Amino acid sequence: MSIKQINEPVAGNIERIIGEKGLKKCVVALKAGLTGQELSDVLNGRRIIKVNEVPRVAKALDVSLSELFALEMEAV
């Protein structure tokens, strides 16, 4: 299993929410107590997101934890 697979769906949802809200990744990282490089590494599958970082990222994005863990349902 790759790091990218381990970080999903959280990393994908972080990326989506940042895009939807028109935020800058470096600002989100700073608000979450991460460096821009750390957030980039998480989003690009080079670093596993730590359990204690998830709530901080959710707060920085102003979303609930459940939104970060939400799975997108494909249309049937």
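Trainee: Which side chain meets R46 in a salt bridge?

Mentor: This is a predicted model, where local features need pLDDT of at least 70, side-chain atom pairs count only at pLDDT 80 or more, and totals for chains, interfaces and linings use all residues. Residues are numbered from 1 along each chain as its sequence is written, and side-chain values use heavy atoms, with hydrogens and water left out. A salt bridge is a side-chain nitrogen of Lys or Arg within 4 Å of a carboxyl oxygen of Asp or Glu. R46 reaches such an oxygen at 2.9 Å, N to O, and its partner is D41.

Trainee: Is D41 buried or exposed?

Mentor: Buried means under 20% relative accessible area, exposed over 50%, and partly exposed in between (1.4 Å probe, protein chains only). R46 has 48%, so R46 is partly exposed. D41 has 17%, so D41 counts as buried.

Trainee: Which residues of α4 are buried?

Mentor: Helices here are DSSP runs (H or I, at least four residues; strands are E, at least two), numbered from the N terminus. Contact means heavy atoms within 4.5 Å. The buried residues of α4 pack against α1 (3-7), α2 and α3 (25-31). They are L39, D41, V42 and L43.

Trainee: At what angle do α2 and α4 pack?

Mentor: Axes are lines fitted to C-alpha atoms, for helices over the stretch in contact, and angles run from 0 to 180 degrees between N-to-C directions. The axes of α2 (residues 10-21) and α4 are 9 Å apart. Their angle is about 120°.

Trainee: What does that angle make α2 relative to α4?

Mentor: Angles under 35 degrees count as roughly parallel, over 145 as roughly antiparallel, 65 to 115 as roughly perpendicular, and the rest as oblique. The angle is about 120°. So α2 is, relative to α4, oblique.

Trainee: Which residue forms a salt bridge with E15?

Mentor: Side chains of opposite charge can pair when their charged atoms come close. For E15 the closest N and O atoms are 2.6 Å apart, and the partner is K25. E15 lies in α2 and its partner in α3, so the pair ties together parts that are 10 residues apart in sequence; that partner is K25.

Trainee: Where is R47?

Mentor: Look for two helices, α4 (36-43) and α5 (53-61). R47 lies in the loop between α4 and α5.

Trainee: Which side chain makes a polar contact with the side chain of R47?

Mentor: A polar contact is a pair of N or O atoms within 3.5 Å; within protein, one must be able to donate a hydrogen and the other to accept it, and residues adjacent in sequence count only if both atoms are side-chain atoms. R47 is buried, at 15% relative accessible area. Its partner, also joined by a salt bridge, is buried at 5%. The distance is 2.6 Å, and the partner is E53.
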